[in-house]
Structure formats: structure tokens, C-alpha cells
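Hello,

Here is the structure we talked about. Please open it first, then read the notes below.

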Amino acid sequence: MSSAKTMQAVLEVANLDTSFVTASGEIKALQGVSLHVNKGEILGLVGESGSGKSLTGFSINGLISPPGRVMRGTIRLHGEPVLGRSAEDMRRLRGRRIAMIFQDPMMTLNPVLRIETQMRDALRAHETLSRAEARDRAIAALDEVGIPAPATRLTAYPHQLSGGMRQRVAIAIALLHQPDLIIADEPTTALDVTIQGQILALVQRLCRERGTALIWITHDLAVVAGIADRIAVMYAGRVVEMGPVDAVLDRPAHPYTRGLIDSVPNRNSRGRRLRQIPGRMPALTDLPEGCAFAPRCTHATPACAVMPEMRALSHARAVRCVHPLSEAPG
Ligand SMILES: Nc1ncnc2c1ncn2[C@@H]1O[C@H](COP(=O)(O)OP(=O)(O)OP(=O)(O)O)[C@@H](O)[C@H]1O
Ligand SMILES: [Mg+2]
């Protein structure tokens with residue numbers, strides 16, 4: 001599949017700024033975030049804690065609430081603007097065309113309702129269905145995400161299921177209406193490695209089969225390497241590098257991406273000390289003038305005191321850096 005921006009883009013985000021407006025001033029949490037996801041494509045969104053991954057997902061899904069606010073930018077779903085819609089319109093869009101899977105499946109599930117009731121409610125929020133039809137759809141959906149004896153599980157309450165099973169139910173609910181876009185925010189982080197692998201493979205297969213666009217948010221580069229087609233790396237509220245996942249992980253252009261990769265343990269690093277990026281991400285209230293990574297960057301020069309634009313390295317790759325690493329392709 002072409003990774004360039006095409007007419008196939010399901011989601012296009014351009015120059016998105018999201019802030020928290022407080023009595024002590026405006027906290028600029030996202031600045032100039034631009035990204036796109038094509039049909040059937042998986043975009044891995046990575047970065048350290050606090051870099052703005054979840055807020056990007058929430059901004060797209062219309063889930064930013066005061067004092068948070070999307071200040072400017074455009075978000076388009078199949079070319080149609082998403083920002084500026086009424087709350088009612090956004091509710092219709094959520095669940096039906098854009099679905100979210102959270103780290104904690106209990107963000108989706110209600111602890112005091114049986115699975116059947118929850119799935120029926122989710123279906124009926126967007127479709128007119130009889131009880132029997134809803135039940136059949138729910139059973140099919142649970143079956144599709146690999147839940148054994150789905151008819152029996154319908155009578156269960158969430159606490160009667162394992163963490164992995166609960167997450168599968170949350171995924172089944174996200175997929176109920178065949179959304180155009182799924183935003184998955186660290187949905188496997190709380191699960192053990194085997195279950196995590198199964199769920200990754202499952203979501204990847206379902207998205208491929210249905211042509212669903214997927215944003216997979218994680219701080220785990222190994223997960224991104226395994227699931228994503230493209231990767232967007234965030235730092236201090238901005239996308240700093242984007243491109244096909246193999247190219248970026250093999251030959252990163254941004255020194256921050258290089259640092260992230262070097263701090264992941266692998267076979268070659270066994271027994272050696274991992275290279276951590278020195279220093280820490282600046283607070284959003286204390287961002288430097290130019291590149292926010294410059295204070296930690298061994299390549300920084302006075303030129304980095306001016307915020308670099310995101311610039312293309314090739315048709316598929318872009319980086320926000322004055323001194324992109326020479327190992328990256330032109
Ligand atoms: N309600 C809020 N008020 C003020 N600042 C906020 C609020 N919510 C988030 N932020 C700030 O926005 C920044 C980005 O938060 P976000 O949750 O998107 O990070 P993240 O990349 O998802 O991190 P993590 O990996 O820890 O989930 C954080 O630095 C956080 O301090
Ligand atoms: Mg988050």
C-alpha cells in the first residue's frame with residue numbers, strides 16, 4: 001500500500017493545537033500536530049509519557065473537555081471536517097465511525113451491567129434492532145475477537161472475566177459498527193505478554209480485513225515494530241518524525257527517535273548498559289523557544305533555537321530537525 005498521502009486518507013489532521021486554558025495561563029499541550037492515516041493502514045503513535053499521544057487521540061475523537069480546548073487546526077474524516085460539530089453530532093460520530101479502545105477496558109465497560117446489555121445498548125445507540133438481532137450481532141462480535149462460548153459470556157458481568165477477556169469485549173464493542181477509524185490508546189499495556197501478542201495480532205487482522213484505519217498509541221517501540229505500517233514520533237506535544245515503520249526504526253532521522261531506539265533492550269545490548277537519553281522532557285509550562293529536544297541533544301547547535309518546521313526527507317518521510325541524522329535517507 002502506498003504510504004504517501006492519497007485520496008485514500010481516512011483521517012487527516014493538520015496543524016492541530018490543543019491547550020489547557022487555566023487561571024495561570026495557557027498550557028500548550030499539542031502544537032502543530034499533523035498526521036494522516038489511510039484505509040486499512042496502522043499508524044503507531046509513540047513518545048515518552050506526557051508527549052501528547054492520548055491528547056492527540058482525544059482531540060480527534062472530540063473528547064477534550066474544559067479547561068482543555070482544541071485551539072486551531074483541522075481534522076477530516078473521509079474529507080469531512082470533524083471540528084466544530086455539535087456535541088450531538090460528535091456523539092453520533094463516536095462509536096459509529098471513530099471508535100476508541102482504552103488501556104483500561106473498564107473505560108468502555110460498565111461494571112454493573114451484563115455484557116449482553118452493554119453490547120445491546122452500544123448497538124442500539126446507532127441502529128434499530130430487535131432484542132434477538134442485537135443478541136445475534138453481539139454473539140458474532142464476541143466470536144470474532146476470539147472469545148470462547150460467546151453465548152455464555154453474554155450473561156457475565158465484567159468482573160467475571162479475565163483482564164484479557166475484558167479487553168476483547170471492549171474491542172468487540174469498538175468494532176460493532178465497523179468504524180472507519182479506531183484509536184487504540186495503549187490497549188495491551190496492562191496485559192501479560194502472551195495475551196498482548198494475541199490481541200495485537202487480532203486487531204491487526206481485523207483492521208486489514210475490513211480496511212479500518214488504526215492509530216495504535218504506545219510507548220513500546222517493539223509493539224509498533226510488530227503492528228504498524230507507519231510511525232509518528234511525538235515529543236513535547238509535537239510530531240517530530242514520521243515515516244514507514246521499518247525505515248524509521250532502521251535509519252531514524254531525528255536524534256530523539258535514535259535515542260528512543262537505543263534505550264530499548266535488544267539481543268545486542270544484553271549485558272551492556274542501555275543508553276538512556278540524558279535529561280528529561282521539559283514541562284509544557286517551560287518549553288524552550290526552539291526545538292524542545294535541543295537541551296538533551298548531542299547534535300544541537302545555535303540554529304536549534306528556532307523551532308524547525310516538519311520537512312520532507314522523501315515522499316514518505318518527514319522530520320522536525322535542523323540536523324537530521326545522516327544515516328536517514330534523503
Ligand atoms: N487536564 C489537563 N490539564 C493540564 N494539562 C494536561 C491535562 N491533561 C493532560 N495534560 C498535559 O498534556 C500533556 C500530554 O498528555 P497526554 O496524556 O497526551 O500524554 P501521553 O503521551 O498520552 O502520556 P502517557 O504515555 O503517560 O499516557 C501532559 O504533559 C499533561 O501534563
Ligand atoms: Mg496516554
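**Helix H1**

The buried residues of H1 are Lys-53, Leu-55, Thr-56, Gly-57, Ser-59, Ile-60 and Asn-61. A residue counts as buried if 20 or more other C-beta atoms lie within 10 Å of its own, as exposed if 12 or fewer do, and as partly exposed in between, with C-beta atoms placed from the backbone. Seven of the nine residues of H1 are buried, so H1 is largely enclosed by the rest of the structure. Helices (H or I, at least four residues) and strands (E, at least two) are DSSP runs, numbered from the N terminus. Gly-62 follows H1 and has a positive phi, near 70°.

**Ground rules**

This is a predicted model: local features need pLDDT of at least 70, side-chain atom pairs count only at pLDDT 80 or more, and totals for chains, interfaces and linings use all residues. Residues are numbered from 1 along each chain as its sequence is written, while chains are lettered from A and ligands numbered from 1 in the order in which they are written.

**Ligand 1**

Which residues come nearest to ligand 1? They are Ser-49, Gly-50, Lys-53, Ser-54 and Leu-55, out of 14 residues around the ligand. Near here means that the C-beta atom, placed from the backbone, lies within 6 Å of the molecule. H1 gives the largest share of this shell, three residues. E2 and H1 (53-61) each supply at least two. By type, the shell has five nonpolar residues, eight polar and one charged. The classes are these: Ala, Val, Leu, Ile, Met, Phe, Trp, Tyr, Cys and Pro are nonpolar, Asp, Glu, Lys and Arg are charged, and the others, Gly among them, are polar. Lys-53 and Leu-55 are on the list of nearest residues, and both are also buried residues of H1.

**The chain overall**

The chain has ten helices and twelve strands. Its radius of gyration is 21 Å, close to the 20 Å that the globule rule gives for 330 residues, so the chain is as compact as a globular protein of that length. The radius is taken over C-alpha atoms, and the rule is 2.2 Å times the number of residues to the power 0.38. Along the principal axes, the C-alpha atoms fill a box of roughly 65 × 50 × 40 Å. Of the 330 residues, 41% count as buried. Among contacts with a separation of 6 or more, 65% come from residues 24 or more positions apart. A contact means C-beta atoms, placed from the backbone, within 7 Å.

**The eight-stranded sheet**

Eight strands form an open, mixed sheet in the order E6-E7-E8-E3-E9-E10-E12-E11. E6 (98-101) and E11 (311-312) stand at the edges with a single partner strand each, so one side of each has no neighbour in the sheet. Pairing requires at least two bridges found by DSSP. E10 (238-244) and E12 (318-319) pair antiparallel over two bridges. Met-242 has Ala-318 in E12 as its bridge partner. H1 packs on this sheet and touches E3 (42-46), E6, E7 (181-185), E8 (213-217) and E9 (230-235). The direction of H1 makes about 150° with that of E7. Axes are lines fitted to C-alpha atoms, for helices over the stretch in contact, and angles run from 0 to 180 degrees between N-to-C directions.

**The four-stranded sheet**

What is the strand order in the open sheet of four strands? The order is E2-E1-E4-E5, with antiparallel pairing. E2 (25-38) and E5 (80-81) are the edge strands, each pairing on one side only.

- E1 (9-22) and E2 pair antiparallel over ten bridges. A hairpin joins them through two residues. Lys-28 in E2 is the bridge partner of Ser-19, and Val-13 stands opposite Leu-35 in E2.
- E1 and E4 (68-77) pair antiparallel over eight bridges. Asp-17 stands opposite Arg-72 in E4, and Thr-18 opposite Val-70 in E4.
- E4 and E5 run antiparallel, joined by two bridges. Pro-81 in E5 is the bridge partner of Arg-76. The hairpin of E4 and E5 has two residues between the strands, and His-78 takes a positive phi near 50° there.

**Arg-85**

Arg-85 sits in the loop between E5 and H2 (87-96). Arg-85 is partly exposed, with 15 other C-beta atoms within 10 Å. The C-alpha atoms of Arg-85 and Gly-62 are separated by 9.1 Å, and the two residues are 23 apart along the chain.

Best wishes

How values were computed
Contact = placed C-beta atoms within 7 Å.
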